[in-house]
Amino acid sequence: MDCINVKNEISELTKKLREYVLGFCILCNPPWLFVNYVLMPINVKDAWHWVLGVLSLHDGCIYVYDSIRSSRHDDVVHKALNSFAVMIPLLLNTTTFYEQRSDIALNKSHYLEKRDLSDPFAVISADNLPQQEKA
């Protein structure tokens, strides 16, 4: 593929992601401007496992609900969620999300730790969940 085709594909993908955040792609999807949480079922391929990611727009972080916990497993899950933690703040900035949501308190701890609103979200594992036994 030449450089122009790659740039066109990236541009088209970026456009589709912005439309999704704005609520234009899925008829039953409200725009993110009107919600506080976005639920994301995430397949962690390296662990052959699914987790639930909950994007908290008010807290500026992604909470992970996982039925398997160990330090090694948590590292794999956090690695899988890293791309979401990096891309979502960038998307929110390109859609002027923060300018349109005056109810989001940027003085909360997760936002205060950031130098810029485009910095990655924190990924936080929820504690005290029921755990499954490994098969």
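Predicted model: local features only at pLDDT ≥ 70, side-chain atom pairs only at ≥ 80, totals over all residues.
Local features need pLDDT of at least 70 and side-chain atom pairs count only at pLDDT 80 or more, while totals for chains, interfaces and linings use all residues. Residues are numbered from 1 along each chain as its sequence is written, and side-chain values use heavy atoms, with hydrogens and water left out.

From the N terminus on, the order is α-β-β-β-α-α-α-β. Of the 135 residues, 32% count as buried, meaning under 20% relative accessible area with a 1.4 Å probe and protein chains only, against over 50% for exposed and in between for partly exposed.

Now to the sheet: it is open, its four strands have the order E1-E2-E3-E4, and the pairing is mixed. Strand E1 (37-44) and strand E4 (122-125) stand at the edges with a single partner strand each, so one side of each is left without a neighbour in the sheet. Strands pair if DSSP finds at least two bridges between them; E1 and E2 (residues 49-56) do so in the antiparallel sense over eight bridges. Within this pair, Tyr37 stands opposite Ser56 in E2.

Helix H2 (residues 71-94) packs on the sheet, touching E1, E2, E3 (61-65) and E4, where contact means heavy atoms within 4.5 Å.

Finally, look at Asp127 in the segment after E4. Asp127 counts as exposed because its relative accessibility is 54%. The C-alpha atoms of Asp127 and Arg69 are separated by 9.2 Å, with the two residues 58 apart along the chain.

Definitions and conventions: Helix = DSSP H or I, 4+ residues; strand = E, 2+ residues; numbered from the N terminus. Axes fitted to C-alpha atoms, helices over the stretch in contact; angles between N-to-C directions.
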